[in-house]
Amino acid sequence: MTKNKILTFLRKNPALVGFIGIFIILSIISDSFLSIYNITNILRQTSIISIIGFGMTLVILTGGIDLSVGSTFALSAVIMASIVKAGNPILGIIVALLVGSAIGALNGIIISKGKIQPFIVTLAMMAIARSLTLGFTEGIPISGFSSGFRFLGRGDFLGIPMPIIIMFIVFFITYYILKKTRLGLYTYSIGGNEEATKLSGVNVDKYKIIIYMISGLFSAISAIILTARLNSAQPTFGTGYELDAIATVVLGGASLAGGYGGVFGTLFGALLLGTINNGMNLLNVSPFYQDAVKGVIILIAVLLEKED
């Protein structure tokens, strides 16, 4: 492999390269990092943001953005929690998925039919969904669920925690969508040149609505996992998740302008952030500085993308 090819690979896979580098460094300087328990813990904690990030990947590939995923997460969680607490866990899960999908679809409809920038629409939806969440709960958490429901967040299958299993299921579904379906093909096409895609006869509005709906659906799936894991739904759930999800996509090498990137990069972007968080906790880095470290890493990733 020539020098230019190596540099191209490094620029196109910043998250993978960063993850391997951080993993090796932490394995050397921390005795407790390279344990099965700790690695499993990283994967479990990463699962929430990863799933939201997979949906955000689709949105960003079209050249859009979804700032409402954190609030969608919260509203789905509290409505579901009230139903689960009443003794209907299956109905609660179905309603959560419907709420997430409906918010996403509404975003897509307003963006595509109203011809309004995704940033403005999803910012407004972020405020609306958060307000509805606080109003629905009156600021009080909902907790105390059945063991069957908690299994989704605390249980395991063949020794693998359920959040990790669900994360990889959603990963493979997203990968399949992008690589094997017409929706995936048009997702890249819309991000690459939306006008040309329209002129070729593609119903761009329909596919945008579907993509935003998937983003909302994935937020709801994450909400189900975290609610089950914590045995509680908090009205402040999901605060800042939109930024973490965008960060995983950017770290994964996707272009914010759309048309370039993939879910594989997002997975490693989430793993990189999760490993950095874990490493800073193991090394007793002050929580006041942890966001600064992550910010520097994100800036480096964006600079690498620009150089590419």
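Modeller: Helices here are DSSP runs of H or I with at least four residues, and strands are runs of E with at least two, numbered from the N terminus; by that rule Ser76 lies in helix H4, residues 69-85. This is a predicted model, in which local features need pLDDT of at least 70, side-chain atom pairs count only at pLDDT 80 or more, and totals for chains, interfaces and linings use all residues. Residues are numbered from 1 along each chain as its sequence is written, and side-chain values use heavy atoms, with hydrogens and water left out.

Biologist: Is Ser76 buried or exposed?

Modeller: Buried means under 20% relative accessible area, exposed over 50% and partly exposed in between, with a 1.4 Å probe and protein chains only. Ser76 is buried, at a relative accessible area of 0%, and, leaving out residues up to four places away in sequence, Ser76 touches Ala96, Val99, Gly100, Ala220 and Ala223, where contact means heavy atoms within 4.5 Å.

Biologist: How are the axes of H7 and H8 placed?

Modeller: Two packed helices are described by the angle between their axes and the distance between the axes. Axes are lines fitted to C-alpha atoms, for helices over the stretch in contact, with angles from 0 to 180 degrees between N-to-C directions. The axes of H7 (residues 147-154) and H8 (residues 162-180) come within 6 Å and cross at roughly 65°; H7 and H8 are therefore roughly perpendicular, a class that covers 65 to 115 degrees. At this crossing, Phe151, Leu152 and Gly153 of H7 meet Met162, Pro163 and Ile166 of H8.

Terms used
Parallel < 35°, antiparallel > 145°, perpendicular 65-115°, else oblique.
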